[in-house]
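Please open the structure in a viewer and keep the selection tool at hand. The stops below are to be visited in order.

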Amino acid sequence: MKTWKHAAASLAGAAALLAAPLISHAAEPLKMAWVYVGPVGDGGWTYAHDLGRKAAMKALGDKISTTIVESVPEGADSERVIRDLAAKGNKIIFTTSFGYMEPTLKVAKAFPKVDFYHATGFKSDKNVTIYNSRMYEPAYLAGIIAGHVSKKGILGFVASFPIPEVVRNINAYTMGARSVNPKITTKVVWVNTWYDPGKERQAAEALIGQGADVLLQNTDSSAVLQTAQDKGVNAFGWDSDMTAYAPKAHLGSAIEIWGGYYTKVAEAAIAGKPLKTTVWGGMKDGMNDLVSISPNIPAAAKAVVAEKAAAIKSGKVQVFTGPIKGSDGSIKLAAGKTLTDKEIDSVNYYVEGVEGQLPK
Amino acid sequence: MPLRLPFRLIPRAQPSQRMLLIAPLLAVTLTLVVGLGIFAALGQNPLVAFRVFFIDPVSDINGVSELLLKASPLCLIALGLAIGFRANIWNIGAEGQMYLGGIFATGLAIHFHENGGPWLLPAMILAGAVGGALWASITAFLRAQLRTNEILVSLMLTYVADLLVKYLVYGPWQDPQSNNFPFTVSFSDDALFPVLMNWWDWLEGTRINLSLLITVVAVPLAWLFMDKSFVGFQLSVAGLAPAAARYAGFSEKRMVWIALLIGGAAAGLAGVTEVAGPIGQLNDRWTPGYGFTAIIVAALGRLNAFGIVLAALLMALLYLGGEAAQISLQLPKAISQVFQGLLLMFLLGCDVLVNYRVARRMPANALVNA
């Protein structure tokens, strides 16, 4: 009832407000905006970005003001949304999905005084900066756990789009598992979407039906993990800590941590020295991690994961270190060498142990 | 045991033609009234929210341009669909026909990337229409020759078309410089609809392009075809009274082919206007589902060419308003879907009451006692 009284009261004063401008000018906080590909409540990718935004708000208080637009399709609509945000006076705009790359570049040309930050793409410009997270590092650690836990030696991976960002996570997961048990194989199902809990669930069921007993996904919802619990197998959380969705099946969550980066970008802009170098952060930089590792995994797995995590954080170990064999048996990288960032960012093959063909 | 409601619906012998036209307006009004209540319940000043949602998005020339850019493909597809819907031929696969339009046009754009000319864009437009019509012809053939259900076939073919787009942009048509990301090269200028601001300075900064002309021409053509031509009359008769149409000797097969080919061609054209318009390339996620939204637009527009124009503008405005409400009022995205849902529900509700009257049902025990 209160809301309706409130409604009546606001109706009364509405005429005056209609004429008033919507945005008031008190202090001048730095206006920042985020464009999200999914809903904030996806519990995964977009949720992680929104946690990052909230962390920046908490750190900087009224020095910044933020706006979000969620579930923006990656087609012609995104250009309008990004342009609109720039036209409405936002000085920093984060576009948080690969499909926003071309629209972001187009709008950036028209708004040279606005700084754009695009997540996971590869084209930058004077005022377009790329940032991304080396999720293959926690994916590798998840693989080590999977290698210890899997009884059948078959892992499952629910994958979104066959782009390098996803392919390398499949590879890292498989390499991690095979570092423990060289006979392990990974089955992959492509769902061609970032966020569709229904499709993600179907894919997980298909994998479990084919014998996979430890699942990982590179999609944005918690559906795969929940399906695993329903079917009595194990799985991981991805992008955000998903323990609460399926505590029995959950072995750990590979999470993104954007708060530090968003805070840094804001601070640099406030100081008048905008951050414009490409950031591709990993566990070392505190931009991702494998967290909430289940207490039920074997002690040996705990020890190896802790050791590898420390080595990755200190920079001593690189995930993509040779020898790396492709799934067709060819040598992709000689022993002792490591893949360069450019090679990691354009990977177009499965490593040995991943079943099937990469969609072409 | 079937549910016994205290009232029942009795078909009206002669539904009021006037009310049939007023129903969409009534539905819009009811949607707005309920919408104001929702805004209030969300703790917003309803009138401010109303202004942000429905007026601000089109309060400047850029907003109007965006509205037209969004409404144009919706309108084009809905016009094509309406022709079939009038004859009770339910083409649900406009989305897939739109993909094929995009694919055919992109094929030309890529093949003549280096050596285009002023002929390239018209060729792409033609190819897109042919592509959409060809895709629809599969449905037409199966329906006309084998009497399969066109709803299922056209819908299923949409998923096939989607996979075809994905195959192309991940495979043979992928931009070599794309780092394995799924898109083609950006089209050359010859393969793009010129933006209107090239000619008129007052449109500076807007994205509206020459493809609007296709829709502007299509509207009166569709009206002439549907309401003034003999074939259009045949289609309407086939829809309203199939037995009468058969008795009059109208060929059902011919109707199926005409309806689906026109619907497919229109959707294919809309595909060209997108890939050669604001997107400028083919990628694996270039349409926000225009082919499906257009079904609502056609229904809302009463399968009438001019009604469809208004319906397309309204649908486009709901999208833009939803974005504005997120940006200015921090309202959730779901609000625009709520509006779309309300609109459709009220329209269907009004339709029921136009076509049926509500009569009280005698209580079941009343009969026993009597």
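Helices and strands are here DSSP runs, a helix (H or I) having at least four residues and a strand (E) at least two, and they are numbered from the N terminus. The model on display is a predicted one.

**First stop: the domains of chain A**

Select residues 29-134 and 258-285 of chain A, which the domain assignment gives as domain 1. The C-alpha centres of domain 1 and domain 2 of chain A are 27 Å apart. Where the two domains of chain A meet, 16 residues of domain 1 are in contact with 22 residues of domain 2. Which helix gives the most to the side of domain 1 of chain A that touches domain 2? Select residues 45-60 of chain A: this is helix α3, which contributes four residues to that side. By class, the side of domain 1 of chain A that touches domain 2 has seven nonpolar residues, six polar ones and three charged ones.

**Second stop: a cis peptide bond in chain A**

Next, select A:Gly322 and A:Pro323, which are joined by a cis peptide bond with omega at about 0°. A:Pro323 belongs to the loop between α11 (299-314) and β13 (324-325) of chain A.

Move to chain B and select residues 120-146, the 27 residues of helix α5. From its first C-alpha to its last, α5 of chain B reaches 38 Å, close to the 39 Å expected at 1.5 Å a residue. Where does α5(B) bend? Centre the view on B:Ala136, where the bend is about 25°.

B:Arg147 is placed in the loop between α5 and α6 (150-170) of chain B. Is B:Arg147 buried or exposed? B:Arg147 counts as exposed because it has 10 C-beta neighbours inside 10 Å, and the cut-off for an exposed residue is 12 or fewer.

**Last stop: B:Gln330**

Finally, select B:Gln330, in the loop between α12 (305-329) and α13 (334-355) of chain B. B:Gln330 is not a glycine, yet its phi is positive, at about 55°. With 13 other C-beta atoms within 10 Å, B:Gln330 is partly exposed.

Note on methods: Residues numbered from 1 in each chain as written. Chains lettered and ligands numbered in written order. Predicted model: local features only at pLDDT ≥ 70, side-chain atom pairs only at ≥ 80, totals over all residues. Expected span 1.5 Å × (residues − 1). Bend = angle between axes of the 7 residues up to and from the residue. Buried ≥ 20, exposed ≤ 12 C-beta atoms within 10 Å, placed from the backbone. Domains from an automatic or database assignment. Contact = placed C-beta atoms within 7 Å. Nonpolar A, V, L, I, M, F, W, Y, C, P; charged D, E, K, R; others polar.
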